[in-house]
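Thanks, everyone. Let me put the structure up, and then we'll walk through it.

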Amino acid sequence: MEAELRGCFNFFWNEWVADPTLPTHGLNAGDYVGLKRHMPLAIESQGFYFPVIVLGVERSWVEREAARKRVLAALDSLLRLQHFHGFFYHFIDVESGERGWRAAGVEVSNMSTATMIAGALMAGEYFGGQVRVKAEQLYERIDWNWFLDQQRQHFYLACHPEAV
């Protein structure tokens, strides 16, 4: 089991946007090993990335301060990225920070955003301080009612802002 955990940590730790000049700096590449700039990153993968970083600290695979800095970089990018009432596109273009593949088919996703925010809040609880403050800022700007079908009283599965 330890080997699987270490492999999971290595994947998430190594597949990240290291270039501080990019609007997605600090975020995890998620689904794409050996990130190519033309491939988008998935917002929901951040929800797994943050807890795996905590796991790395707890297992002494990474220094706590290096992990905290990585999480802060990711949170700073998320706070700057385009959002709609706090919700993000499912895929984000690494270089521009805009809708992945710049295609109208990529939706704003409540599930991707919810997965991301769960991981961010977990990291906020673990690291405290600025990590907690920034994770809570992300959470507090989410307007869950905006994604709610008032007539049916359930959440939409996705949203295309150009159709709203």
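This is a predicted model: local features need pLDDT of at least 70, side-chain atom pairs count only at pLDDT 80 or more; totals for chains, interfaces and linings use all residues.

Start with helix α4, residues 110–127, and helix α5, residues 129–140. Their axes come within 7 Å and cross at roughly 155°. Angles over 145 degrees count as roughly antiparallel, so α4 is roughly antiparallel to α5. The crossing is left-handed.

Which residues of α4 meet α5? Among them are Met 116, Ile 117, Ala 120, Leu 121 and Phe 127. On the α5 side, the list includes Val 131, Arg 132, Ala 135, Leu 138 and Tyr 139. By class, that contact has 10 nonpolar, 2 polar and 3 charged residues.

Now α4 by itself. Its 18 residues should span 26 Å at 1.5 Å a residue. The end C-alpha atoms are 25 Å apart, which agrees.

What is buried in α4? The buried residues include Asn 110, Ser 112, Thr 113, Gly 119 and Ala 123. Met 116, Ile 117, Ala 120 and Phe 127 are buried, and these four also meet α5. The cover over the buried residues includes α5, along with α2, α3, β2, β4 and β6.

On to the loops. Most residues other than glycine have a negative phi. Ser 60 has a positive one, about 60°. Ser 60 sits in the loop between α2 and α3. Its relative accessibility is 65%, so Ser 60 counts as exposed.

His 85 also has a positive phi, about 55°. His 85 lies in the loop between α3 and β2. At 38% relative accessibility, His 85 counts as partly exposed.

Definitions and conventions. Residues are numbered from 1 along each chain as its sequence is written. Side-chain values use heavy atoms; hydrogens and water are left out. Axes are lines fitted to C-alpha atoms, for helices over the stretch in contact, and angles run from 0 to 180 degrees between N-to-C directions. Helices (H or I, at least four residues) and strands (E, at least two) are DSSP runs, numbered from the N terminus. Angles under 35 degrees count as roughly parallel, over 145 as roughly antiparallel, 65 to 115 as roughly perpendicular and the rest as oblique. A crossing is left-handed if the near helix is turned anticlockwise from the far one by less than a right angle, and right-handed if clockwise. Contact means heavy atoms within 4.5 Å. Ala, Val, Leu, Ile, Met, Phe, Trp, Tyr, Cys and Pro count as nonpolar, Asp, Glu, Lys and Arg as charged, and the others, Gly among them, as polar. The expected span of a helix is 1.5 Å times one less than its number of residues. Buried means under 20% relative accessible area, exposed over 50%, partly exposed in between (1.4 Å probe, protein chains only).
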